[in-house]
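Subject: Handing over the structure, with notes

Dear colleague,

Here is the structure that I promised to pass on to you.

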Amino acid sequence: MKNHLLLAISLIMGYSVSAQFSESTERAYEVYNENYVHQTQRAGGPNSLASVDTIWFNDFSDTTDWSYAGSIDEWSLDTLLSPSLISQGFDDVINSASGGYFAIIDSDGSGSTGVQDAILEFTGGTIDCSASPKVQLVFQTYLRQYEENRQVLVSNDGGVVWDTIPVLTQFGINTTSSNPYIEMVDISATAGGQSNVQIKFRYEGSWDWFWVIDDAMIISIPDNELALTQEFYNGTADLTYTNYYSMMPLKQADSAQILFGASVQNNGGADQTQAFVNVMASFNGVLMFSDTTDSVTAVSYTHLRAHET
């Protein structure tokens with residue numbers, strides 16, 4: 001008979017934040033958050049959600065909004081991954097909030113002679129970020145990594161000069177993202193306060209794997225936005241969640257020393273002082289263990305790991 005060990009981890013911040021939402025803003029915020037790997041829980045209850053204004057959103061449903069080549073070594077817009085990827089066990093679609101069309105480039109499908117330097121550009125008009133000095137590009141994605149490079153390019157002068165930002169560099173060789181994975185990119189240096197913003201996605205590969213994108217948006221960056229991106233134990237962090245047992249024999253659990261930890265991302269514009277992780281382990285609905293990590297300062301736009309020692 002197997003016994004279950006339930007691990008629940010919540011990210012707590014030592015303050016509360018209030019916000020007022022319009023109906024449209026709240027709906028956009030829910031789309032942005034609903035597919036987090038883990039949803040952040042904050043002290044102070046539901047009113048502590050940070051205010052997020054959606055400046056621009058595109059779900060690829062209008063294929064004329066995007067410029068792409070559409071050949072085997074280029075981007076395309078589709079409703080299914082390529083048959084060769086599906087036959088290798090990958091999901092047939094990105095499980096995005098909108099569904100329907102998405103952008104995909106399949107380096108694996110181009111074969112050993114294929115080389116990609118592919119651009120996907122939004123051509124449905126310029127984007128006005130003039131009212132927001134701090135802005136993020138957020139998109140839902142599904143990918144497998146080998147040695148390819150992924151970038152976001154941003155312009156504020158009609159496409160004369162493009163600033164290049166590497167993205168999704170957290171994935172190592174032969175790793176697959178969750179489906180979907182939410183990528184958040186600070187583009188404030190180029191787009192913040194600008195009225196003539198343009199964006200591109202760039203993929204560089206050669207018989208590598210694939211990249212899928214959907215539900216891209218630009219949002220204003222809130223000051224206070226901590227995200228709990230992954231929980232782990234005994235010092236092992238794994239974005240693909242392949243190294244974890246969801247249950248173990250009770251005898252083994254009794255003799256094991258488990259050190260809990262978490263990966264935390266500060267997506268906000270302000271440093272968060274006295275941030276800590278609280279861990280609770282329950283068995284059959286009974287709290288068996290509870291502890292809290294030391295407080296740390298989560299610097300804005302950075303990732304850190306908090307753990308027991």
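Helices (H or I, at least four residues) and strands (E, at least two) are taken here as DSSP runs, numbered from the N terminus. Counted in that way, the protein has 4 helices and 19 strands. Please keep in mind that this is a predicted model, in which local features need pLDDT of at least 70 and side-chain atom pairs count only at pLDDT 80 or more, while totals for chains, interfaces and linings use all residues. Residues are numbered from 1 along each chain as its sequence is written, and side-chain values use heavy atoms, with hydrogens and water left out.

If we look at contacts (heavy atoms within 4.5 Å) between residues at least 6 apart in sequence, 80% of them join residues at least 24 apart.

Next come the strands, and two of them are said to pair if DSSP finds at least two bridges between them. An open sheet is formed by 5 strands in the order E3-E6-E12-E8-E9, with antiparallel pairing. Its edge strands, each of which pairs on one side only, are E3 (66-67) and E9 (163-166). Within this sheet, E6 (residues 116-122) and E12 (residues 198-205) pair in the antiparallel sense over 6 bridges, and Asp117 has Glu204 in E12 as its bridge partner.

Strand E5 (residues 102-106) deserves a separate look: 5 of its 5 residues are buried. Both of its faces are covered, with Phe102, Ile104 and Asp106 on one side and Ala103 and Ile105 on the other. Strand E5 pairs in the antiparallel sense with E4 (residues 76-78) over 3 bridges, and it is also joined by 4 bridges to E13 (residues 210-220), again running antiparallel. Ala103 in E5 stands opposite Leu77, and Ala103 also stands opposite Ile213 in E13.

How many aromatic pairs does the structure hold? There are 13 of them, counting rings of Phe, Tyr and Trp (its six-membered ring) whose centres lie within 6.5 Å, with planes under 30 degrees apart called stacked, over 60 edge-to-face and the rest tilted. The rings of Phe60 and Trp66 have their centres 4.5 Å apart and their planes at 15 degrees, so this pair is stacked. Both Phe60 and Trp66 are buried. Tyr142 and Phe210, by contrast, form an edge-to-face pair, at 5.3 Å centre to centre and with 70 degrees between the planes. Because Tyr142 lies in strand E7 (residues 135-145) and Phe210 in strand E13, that pair ties together parts that are 68 residues apart in sequence. Tyr142 and Phe210 are both buried. One aromatic cluster is formed by Trp56, Phe60, Trp66, Trp75, Phe122, Phe139, Phe201 and Trp211.

Finally, Val286 is placed in strand E17 (residues 286-292), and at 46% relative accessibility it counts as partly exposed.

With best wishes

How values were computed: Buried < 20%, exposed > 50% of the residue type's maximum accessible area, 1.4 Å probe, protein only.
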